[in-house]
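User: Hi! Could you walk me through the ligand site in this one?
Analyst: Happy to, let's bring it up.
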Amino acid sequence: MHIFEKLRKIRAELPRTVSLIAVSKTHPPKAVMEAYHAGQRIFGENRPQELCAKHSELPKDIQWHMIGTLQTNKVKTIAPFVAAIHSVDSEKLLETVHKEALKNERVIDVLMEIRIAEEDSKHGWSEDGLRTYLSAGKFRDMNGIRIIGVMGMATFTRDREKIRDEFATLARIFGELKSEFFAGDPSFKEISMGMSDDYGIAVEQGSTMVRIGSSIFGAR
Ligand SMILES: *Cc1c(COP(=O)(O)O)cnc(C)c1O
């Protein structure tokens, strides 16, 4: 199947309320353009260097989402154009994004990555750690960033029940944070969860953004 056929098939399966982030990491600009010509405008990358290279080469109406681990010293390279950062996992990173956004006279949409998987390899805030941070209220004065939601990755496992539980946990945390810290803030509305192997479960559990790579572009 061609990229455009795979995209069409996935889009047909997704509720209209769910955004599709096409994860193009490691795939060449030509593959991005094939998806672009099929109408896709939101793409996700996990390395700043690749993100910058593709941004400079490809059409300017593409919205580039940073979805991978981000070092603070790389934020300045993507701050001029990045549409959203899904992987904000610390106070230091959030403050850096805020400062670099202000330098570029922008407001950058960010999602707080929460660790829901059992693997140590996965990044993210702990539920308590994020609550403590938000309680301090500092984020409210940071006008370079807009916190639009949460992101999480499930454990890499065949156990569908486990994945379902982890996504349900993320959705619960989102709901609690919304009422505790973002009541009356309509921009806090996104739950970024679901990849090629588990987006069906994620959508069933309330995902609003799925990040799909290999099911669109093929194996990496
Ligand atoms: C690579 C990646 C994806 C997409 O993974 P696929 O299994 O190829 O769909 C989603 N989210 C993050 C954070 C990734 O790094």
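User: By class, how many nonpolar, polar and charged residues does the shell around the ligand have?
Analyst: Bear in mind that this is a predicted model. The shell around the ligand has five nonpolar, three polar and three charged residues.
User: Nice. Which residues surround the ligand?
Analyst: The ligand is surrounded by V23, K25, I67, M153, M195, S196, R211, I212, G213, S214 and R220.
User: What lies 2.8 Å from an oxygen atom of the ligand?
Analyst: A backbone N or O atom of G213 does, and a side-chain N or O atom of R220 is also 2.8 Å from a ligand oxygen. For K25, a polar side-chain atom lies 2.7 Å from an oxygen atom of the ligand.
User: And how much of the ligand's accessible area does the protein cover?
Analyst: On its own the ligand has 390 Å² of accessible area, and the protein covers 90% of that.
User: Switching to pockets: which pocket is the space taken by the ligand?
Analyst: That space is the largest pocket, with a volume of about 640 Å³.
User: Which lining residues are closest to its centre?
Analyst: Of the 27 residues lining the largest pocket, those are K25, K122, M153, M195 and R220.
User: Which elements give two or more residues to that lining?
Analyst: Those are α7 (160-181) and β8 (209-212).
User: Last one: what is the lining like by class?
Analyst: The lining of the largest pocket has nine nonpolar, ten polar and eight charged residues.

Key: Residues numbered from 1 in each chain as written. Predicted model: local features only at pLDDT ≥ 70, side-chain atom pairs only at ≥ 80, totals over all residues. Heavy atoms only, no water. Near = heavy atom within 4 Å. Polar contact = N/O pair within 3.5 Å; in protein donor to acceptor, adjacent residues only side chain to side chain. Areas by Shrake-Rupley, 256 points an atom, 1.4 Å probe, with all protein chains shown as cover. 1 Å grid on protein atoms, 1.4 Å probe; cavity = no way out; pocket = protein on both sides within 12 Å on 5 of 7 lines; lining within 4 Å. Sits in = over half its atoms within 2 Å of the grid points. Nonpolar A, V, L, I, M, F, W, Y, C, P; charged D, E, K, R; others polar. Points joined across faces, edges and corners; volume = space filled by probe spheres on them. Helix = DSSP H or I, 4+ residues; strand = E, 2+ residues; numbered from the N terminus.
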